[in-house]
Amino acid sequence: MTSTVSVGWIVLGRMSGDIAIAVLDATGDETERMVLAKADAVQWLEERESAVAPRWVWSDATAWYPELLAAGVRLARCHDLRLCHAILRDSTLVTAADDLRAATAWDAASAQTTAQASTLFDLDEGSSTTGPPSSLHEALAEFARQRQALAGASDAGRLRLLLAAESAGALIAEEMRAAGLPWDAAAHDAILTETLGIRPPGGGPPTRLRELAERVRRELDDPAASLDSQPKLLRSLHRAGILVESTSRWELSEHDHPVIAPLIEYKKLSRLLAANGWSWLEEWVKDGRFHPVYIPGGVVTGRWASSGGGALQLPRQLRAAVRADPGWALVIADVAQLEPRVLAAMARDDRLAAAARGRDLYEGIVDSGAVATRSQAKTAILGAMYGATTGESGRLVPKLRRAYPQAMALVDDAARVGEEGGVVTTWLGRSSPSPSGGWRDLQLRATEAEASGADETRARRWARDRGRFTRNFVVQGTAAEWALAWLADLRGRLAVLPQISETDSAPRSGPVFQRSPHLAFFLHDEIVVHTPLALVEEVSEAVRASASFAGRLLFGDFPLDFPLDLKVAQTAEKA
DNA sequence: AATTCGTCCTGC
DNA sequence: TCAGGCAGGACGAATT
C-alpha cells in the first residue's frame, strides 16, 4: 500500500500455454517484452519479485495466483484488472469512464467462479470463454484504459488506495484459500454428537434429533406430521390449534403450547445437521483444514462473499472446532463497532468520535446523555445505519439525530440521494449501482397526472427501499475498505516476520504456510492469523498496528481509534 | 426431470 | 428480540 518511486509494473498474459510478459517503467512505458514457457516463467517471476518487487498486473488473481502459490511463490503486490475494472467503471470519481464501460469483456465473472460450474468440460484452454480476457494484448489495453481513467479522476489518490487494497484482497483471498482454516474434525464431531446425538450405523437421523421429532409429533397428536416441509408443518400446527402464519422461530415463540419448545429445538438441531453436520465435515474439511472460496468484491458494497461451505456463516457453536496446529496458536481479532466508528470518521463528527473513544461506543453514547441504556444506543445506531422507521429503533433514531447531527446528516443524505434515483459513493470511491430500469420507470409513472394511487404507493415504497440501501451502502462499503486496508497492511507485516525454519529445526521445504504466520480467516470485521507459538506476541502487535494504520490511511489524523477485541487460542497439549 | 422460487436460518 | 442493511446454503414446492 506504500507508494514506490521507481519500480514499475509487469504485465502478464497467456499465449497458448506460454506466458507473455511486458515490463513497464514507472511512467507506464513499455521497456521490455518476452515470452517464457510456463515452467521458466515461474522461476523468472520469483526472481523479479525478490529483485524489484514490481506490481504484477494480471487479468484475474483467481486465474493466475493459485498456480504460483502451489509452486511456492508468493507475491507482494498485484493489480487485478478484473476487480479494478469493476470499481473504475462505476465510480463517480471517474469523470470519463466511457472506454471502460465499452470494454464489456472485463465485466466477466472470475475464472474461478465460472470454472467451478464447468469443471466437467474444462478443456484447459487459454482461449476458453470463462473469465476476463487473458492475453497480454488485452491486459495492456485494459491497463492503459484504467490508468487513463485514474489520470482524469477527481480524487485519484483515494481511488489508487482502493485499487491497491482491492488487489491486495485478491492475493489474500487466494492465499487464505490455499492455507485453509485449521479445523479439528474430531472436535467438530464431538460437538455434533453432543448436540445431535449418536448417528445410527444404518443411517437416518441422530438419536437426539429423532427423539425430539417424536416428541413434537406426540405433542401435536399427529404421528405422521412432517417436520421438514414448511407447508405440511404449518397444516399440522393449524390442526393442533396453533394459528401461526409461518413456521419461523420468532412467530412460534409467541405462542404458548407444549409443542413449541421441542419444535424450536428440533428446527435448531436439524439446521445444524443440514448446514454443518457430518456431511459438511466430510466435504469441506481435508487434512485438518477448511478451505473456503472467498470472493473479493463479491458484494455490491465491496464486502467479500464466499462460495461453498458457507464460510461466512459458520455458526458460533462450531467455533470451538477451529483449532491451531500443535505448536501453533490462533490470533483472533475483531473490531468493536466498526461501522458506527467509520460513520463518525466519514462525517468528521467529533461528538460521535468522542463517544467512540475508549472501548465501547454504545456506552459512550449513553454517557453523552443521548439515550438511557446501552441496548437503546445499539438499537438506535443500527436503526440509523439501516434506515429503521418503526418500532423502538424508529423512535430512538431522532434522539441520535439531535445528539450527532453531522453523522446523521451523512446517512440521511445518502438515503435521500438513493430515493431520488442517484448514486452514492464510499470514502475511497466505490459507487453504488444505478437504479434498475424498472425502478426508474415506476418513479416516472408515479409522477404523471394519471398515475394510480397504487402506483404512487408502490413507487414510494421502492424509493424508500432504495434509500435504505444507499444509506447503508456508504457505511458498509467504507467499513469494507477499512477492513481491506487492515488486512493488506497486516499481510505485509506478517511477511517480514521470521519463518520458523530460521528459529527452529523445521524443514525448509513445503508450503510457505507451514513455516510462517499467515492469515487464515476473514469475516467483514474479524481476522484470524495462524502463527507459530513463538511469534504470538509479534503477530498480536502487528494486528493492532495494522488496525491503527488502516484508520490513519483512510481518515488521516481524525481522532478516532479502532479498538480490537483480541484473543489468542492455543490447542491444549494432549498428555 | 430439471430449473427456479420461497422459506428459514446462519453470519456481519 | 422485531423493526431496518448486506449476504450464502439447504431443502421442499412450484413451475417449466
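I sorted the residues of the surface near DNA strand C and found 9 nonpolar, 13 polar and 6 charged. Here Ala, Val, Leu, Ile, Met, Phe, Trp, Tyr, Cys and Pro count as nonpolar, Asp, Glu, Lys and Arg as charged, and the others, Gly among them, as polar.

I noted that the model is predicted, that local features need pLDDT of at least 70 and side-chain atom pairs pLDDT 80 or more, and that totals for chains, interfaces and linings use all residues. Residues are numbered from 1 along each chain as its sequence is written, chains are lettered from A and ligands numbered from 1 in the order written, and side-chain values use heavy atoms, without hydrogens and water.

I counted 28 residues around DNA strand C, the closest being Ser229, Arg271, Gly308, Gln313 and Arg468; near means a heavy atom within 4 Å. H21 gives the largest share, 4 residues.

One oxygen is 2.7 Å from a side-chain N or O atom of Ser229, and one is 2.2 Å from a polar backbone atom of Gly308.

I turned to the largest nonpolar core, which has 133 residues; Trp183, Ile365, Trp482, Trp486, Ile527, Val543 and Phe555 touch the most other members. Such a core is a set of buried Ala, Val, Leu, Ile, Met, Phe, Trp, Tyr and Cys residues joined through side-chain atoms within 4.5 Å, where buried means under 20% relative accessible area (1.4 Å probe, protein chains only).

Terms used
Buried means under 20% relative accessible area, exposed over 50%, partly exposed in between (1.4 Å probe, protein chains only). A polar contact is a pair of N or O atoms within 3.5 Å; within protein, one must be able to donate a hydrogen and the other to accept it, and residues adjacent in sequence count only if both atoms are side-chain atoms. Helices (H or I, at least four residues) and strands (E, at least two) are DSSP runs, numbered from the N terminus.
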